[in-house]
Amino acid sequence: MVLVALILAAASPADAVPKARQAYASCLGDYTRDAMDRKMARDAFLAGLKTKCAAKETTFRTALVAADKADGMTDAEAAEDADFQVTGYYEKMTEDFDTAS
């Protein structure tokens, strides 16, 4: 009985993805808005975009890869999915920055 309760209470890898995604997206959004407000040069913005939220990106990637692998993806497929999603965030933030400039 206790074992069943422990198993049911255990979080699945997919449970970590929404929180990690929100933290990463918020960090990127905050950075992008700040860069726009300060009228940062595009090259400086792009350089910071890759580094400013690196820890949150790592957490997001780790959660996403774990969830994808739990869903049956291979290591390579899970890594490709994480790359695709992170690239999507970079592209969106760059588009927002360029539009505001």
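The legends below describe views of a predicted model of one protein.

**View 1. Overall fold of the predicted model.** The protein holds five helices and zero strands. Read from the N terminus, its elements follow the order α-α-α-α-α. Of the 101 residues in the protein, 30% are buried. Taking contacts between residues at least 6 apart in sequence, 72% link residues at least 24 apart.

View 2. Mean pLDDT for the protein is 90, with 86% of the residues at 70 or more. In residues 1–10 the pLDDT is below 50, and this stretch makes zero contacts in the model beyond near neighbours in sequence. Where pLDDT is low, predicted coordinates should not be read in detail.

**View 3. Packing of helix H2 against helix H3.** The axes of H2 and H3 come within 11 Å and cross at roughly 165°. Angles over 145 degrees count as roughly antiparallel, and H2 and H3 are therefore roughly antiparallel to each other. The crossing of H2 with H3 is right-handed. On the H2 side, the contact is formed by Leu28, Tyr31, Thr32 and Ala35; H3 contributes Ala44, Phe45, Gly48 and Leu49. By class, the residues in the contact of H2 with H3 are six nonpolar, two polar and no charged.

**View 4. Packing of helix H3 against helix H5.** H3 spans residues 42–51 and H5 spans residues 75–100; the two pack at an angle of about 155°, their axes 11 Å apart. That angle makes H3 roughly antiparallel to H5. H3 and H5 cross in a right-handed sense. From H3, the contact involves Arg42, Phe45, Leu46, Leu49 and Lys50, and from H5, Tyr90, Met93, Thr94, Phe97 and Asp98. The contact of H3 with H5 divides into six nonpolar, one polar and three charged residues.

View 5. Thr32 lies in helix H2, which covers residues 16–37. Its relative accessibility is 2%, so Thr32 counts as buried, the cut-off being under 20%. Apart from neighbours within four places in sequence, Thr32 contacts Phe45, Leu49, Met93, Asp96 and Phe97. Among these partners, Phe45 and Leu49 also belong to the H3 side of the contact with H2. Met93 and Phe97, also partners of Thr32, are among the H5 residues in the contact with H3.

Terms used:
Residues numbered from 1 in each chain as written. Predicted model: local features only at pLDDT ≥ 70, side-chain atom pairs only at ≥ 80, totals over all residues. Heavy atoms only, no water. Axes fitted to C-alpha atoms, helices over the stretch in contact; angles between N-to-C directions. Helix = DSSP H or I, 4+ residues; strand = E, 2+ residues; numbered from the N terminus. Parallel < 35°, antiparallel > 145°, perpendicular 65-115°, else oblique. Left-handed = near helix turned anticlockwise from the far one by under 90°. Contact = heavy atoms within 4.5 Å. Nonpolar A, V, L, I, M, F, W, Y, C, P; charged D, E, K, R; others polar. pLDDT = per-residue confidence, 0-100. Buried < 20%, exposed > 50% of the residue type's maximum accessible area, 1.4 Å probe, protein only.
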